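Me: Could you help me learn to read a protein model, one feature at a time?

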Amino acid sequence: MYFEKYFQRDATHKVTEMVKLIKEELRETLKNASWLDDQTRANAILKVDKMAYSVGYPENLFNDTYVDENWNIPPSPSSENFYQLVARMERKFISLSLLKLNRQPATTSWNYPILFANGYYLAKENMITILPGYLKLPFYNQNLPDYVNYAIVGVTIGHEIMHGFDNKGRFYDAFGDAVDWWDNATSVKYMEKANCYVDQYTAEGVDGMFTLGENIADNVGFKLAYGAYKRLLKKRGLSSEPALPAFEKFTLEQVFFIAYNHKFCYNGEWNGDPNDRHTPPDMRVNMVARNSKHFSKAFNCEKTSPMNPEEKCSIW
Ligand SMILES: [Zn+2]
């Protein structure tokens, strides 16, 4: 199987640790968010605890019995016409979908194509998935220093997790049910904080409301991955890691930002899809940096300079 030959299964262990540390970072962040009332905080922490994850491949990919039982469509007998074959396949796939009702999140088998370099969050399952294409260069390599891997894959994990708490995802609970678990006054405070992003991005020429969910995920996702990396160092009893060859003159914190930027490089003019809720790549880099205290500290930005404005948006 192509996947068995070219995919390094070991990568999933390190990235799974990354997911756990990012969830831990979010849990701590929620504990310390003074604007949350106790009940909303408890609901939010429950949502983090219950958030399932699947990294690299679904658990049952290498389970032949499972694959056979679920996906094997016996060949057509000579009496079967094309319509009957399609109907037989549809019956099989619909019954498989119905079996998923009221089950645990689908970490055992995925609902989406596997061969993409990306990640996604499913609100109705409260689950994140990191696809295998994302666990290879130019995004990931287990021999790279962890600050590079956290800045790229870690930020994506933080981004996907944060979709569970963005302006739409927050209306689903820990079990993926469409339930409003927010206290009214806390909900108002959330929208005030979210509106900071709406105004800030609108002022830069994009539709701040249309892109809000992605912008919350970008900003908070970055912060979570950065915090999780610091947690990793602490867990290992280290204060730093070796420098990246050719980047020796930069501090580790600076390289974290440079590696994050690297993910958004593109050549030529950016022709974005107007239906895409992500902002153009340069904004995804610059706005996150401007809102990050870690960025201005790492690069020693002067107060009120363009990359270190006084007003920074932050939800958590
Ligand atoms: Zn997103």
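Me: Which residue in β3 does G119 stand opposite?

Reply: G119 stands opposite I130 in β3. Strands (E, at least two residues) and helices (H or I, at least four) are DSSP runs, numbered from the N terminus. Before we go on, this is a predicted model, where local features need pLDDT of at least 70, side-chain atom pairs count only at pLDDT 80 or more, and totals for chains, interfaces and linings use all residues. Residues are numbered from 1 along each chain as its sequence is written.

Me: How many bridges join β2 to β3?

Reply: Two strands pair if DSSP finds at least two bridges between them. Here 4 bridges join β2 to β3 (residues 127-130), and the two strands run antiparallel. Y121, for instance, has I128 in β3 as its bridge partner. β2 and β3 form a hairpin with 4 residues between them, and N126 in the turn has a positive phi of about 45 degrees.

Me: What is the order of the strands in the sheet?

Reply: This open sheet of 3 strands has the order β1-β3-β2, with mixed pairing. Its edge strands, each pairing on one side only, are β1 (52-55) and β2 (119-122). From one strand to the next, the twist averages 10 degrees.

Me: Which strands does helix α2 touch?

Reply: Residues are in contact if their C-beta atoms, placed from the backbone, lie within 7 Å. Helix α2 (residues 10-32) packs on the sheet and touches β1 and β3. Its direction makes about 155 degrees with that of β1. Helix α6 lies across β2 and β3, running at about 20 degrees to β2. Axes are lines fitted to C-alpha atoms, for helices over the stretch in contact, and angles run from 0 to 180 degrees between N-to-C directions.

Me: At what angle do α6 and α8 pack?

Reply: Two packed helices are described by the angle between their axes and the distance between the axes. α6 (residues 146-162) and α8 (residues 212-235) pack at about 135 degrees, with their axes 7 Å apart. That makes α6 oblique to α8. Angles under 35 degrees count as roughly parallel, over 145 as roughly antiparallel, 65 to 115 as roughly perpendicular and the rest as oblique.

Me: Which residues make that contact?

Reply: Among them are Y150, G154 and I157 of α6, and F222, L224 and A228 of α8. By class, the contact of α6 with α8 has 16 nonpolar, 4 polar and 2 charged residues. Ala, Val, Leu, Ile, Met, Phe, Trp, Tyr, Cys and Pro count as nonpolar, Asp, Glu, Lys and Arg as charged, and the others, Gly among them, as polar.

Note on methods
Contact = placed C-beta atoms within 7 Å.
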